[in-house]
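Look through the sequence and the model below, and keep both in view while reading.

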Amino acid sequence: MKSMVENDSWNASSREGSYAGEPLSVVGVCLDDETWRFLNLFAGLTPSIRMRSQVNSYRSDQDQDAILEQLGQPAPDVCLVDFDKNRRAAVMMAEHIHASLPGTAIFAVSSQSQPNAILEAMRCGCSEYLVKPIDRDQLASGVMRIGARRKEKQDPNRAQLLAFMGAKGGCGTTTLATQLGALLASSCSRSVLLLDLHPDFGDAALYLKLTKTRYHFFELLENTDRLDADYLESFLMRHSSGLELIPGSEGSMATRDALPPGALTSTLDFLRPRYEFILTDLPPALNEENLSVIRDCDQLYLVTVAEVSAVRNVVRQLEYFSRRDVPREKIRVVLNRNHKRNVVTDAQIEKVIGQKIFWRVPNRYPQVVKTIHEGDPIAQLPNSEVTRSLEEWAAEIGRKSGTETKKKERGGILGLWNR
């Protein structure tokens, strides 16, 4: 039994490790009896965490629904996985939790403290490694980090994250993302960051005539352990509009599979308090990297054109996102290169996709081709319908944060127009 002095010390440590806000819900997986008792004692003496349940078996053949059934709903904030009983099964369990429940932090618990054991746990998605017997200060520090991260996500001052994805290549997604970013920065006087998430041959830098790239976004993801304000500065490129850009890769991303688990989510969490808007130019792919961004974003713009193949892909995308529990109200369909004589009409598109078209960008292709052929990536198209449409769209986005957008004399849009 602990002495009164020891209990006082424990209480003081617990209070120091607490944070203001709702307690973090915690689920244990295959924890030994001593660790489970320790955690329940810790939870009883601190408002930081609430022990919810103990799962007594690893399951490696799980999808999201099975994991939620096992861990309980809603998904826990923290899952402590014991790596001692069956290390291989624990690794597979952590990988499944990390892939299916990106909002759940995973703490590895083990009696092994060798560097390779810790590295193995980090690679499968664990954000903390607790060595038995668990040190209460280390546990409190880990809880504080997760609590601070949750508080950041609830901060109204963090950036709105806007994702842009094409129904297929050639829909003009990169064009719209770069131009809207430039307009939000110039016409609306907002702090805006554009992230080019194309793993191969990203074009956003070229469209903004920022060709002297040093590093790309995936190199940033490879070095999340070094991420701070000074390190971020070496990746940023600045456009004359005020838009900041972290470019995509200009060549094959051979190291993409070696990215640290959770690197994309943690990087976005780091960036969001520093801007008012973050725009992401996503490749047209249904994969876990894109899904991670889309789950975290405030708005997803699916960019399509009035072609049967593109509209069919929008239907497929919407079905995929529905299966992966992405709220339908988060998704807006944008019709690019719109013309009243389109073979596929607006009404037909809306009937097939099952929702209204959010925005229509007019088709002025001859002007665009002329700009491209002149080789001038700073295209001045005064009084263009495309310009007016994008300015109105940027103003609509800018108003959503609750402040007035500045009036600006109508001018041209910067960059190439169609991808």
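C124 counts as buried because its relative accessibility is 2%, where buried means under 20% relative accessible area, exposed over 50%, and partly exposed in between (1.4 Å probe, protein chains only). The model is predicted, so local features need pLDDT of at least 70 and side-chain atom pairs count only at pLDDT 80 or more, while totals for chains, interfaces and linings use all residues. Residues are numbered from 1 along each chain as its sequence is written, and side-chain values use heavy atoms, with hydrogens and water left out.

A search for disulfides (pairs of cysteine sulfur atoms within 2.5 Å) across the whole structure finds zero. For C124, the nearest cysteine sulfur belongs to C126 and is 4.1 Å away. Another cysteine, C188, is buried at a relative accessible area of 6%.

A nonpolar core is a set of buried Ala, Val, Leu, Ile, Met, Phe, Trp, Tyr and Cys residues joined through side-chain atoms within 4.5 Å. The largest one has 79 residues, and those with the most contacts inside it are L195, I246, L279, L300, F321 and W393. A second, separate core of 23 residues includes C124, along with V55, M93 and L101.

Contact means heavy atoms within 4.5 Å. Leaving aside neighbours within four places in sequence, F321 is in contact with M165, L286, L291, I294, L300, L302, V326 and I331.

S292 is buried too, with a relative accessible area of 18%. Leaving aside its neighbours within four places in sequence, S292 touches L264 and T265.
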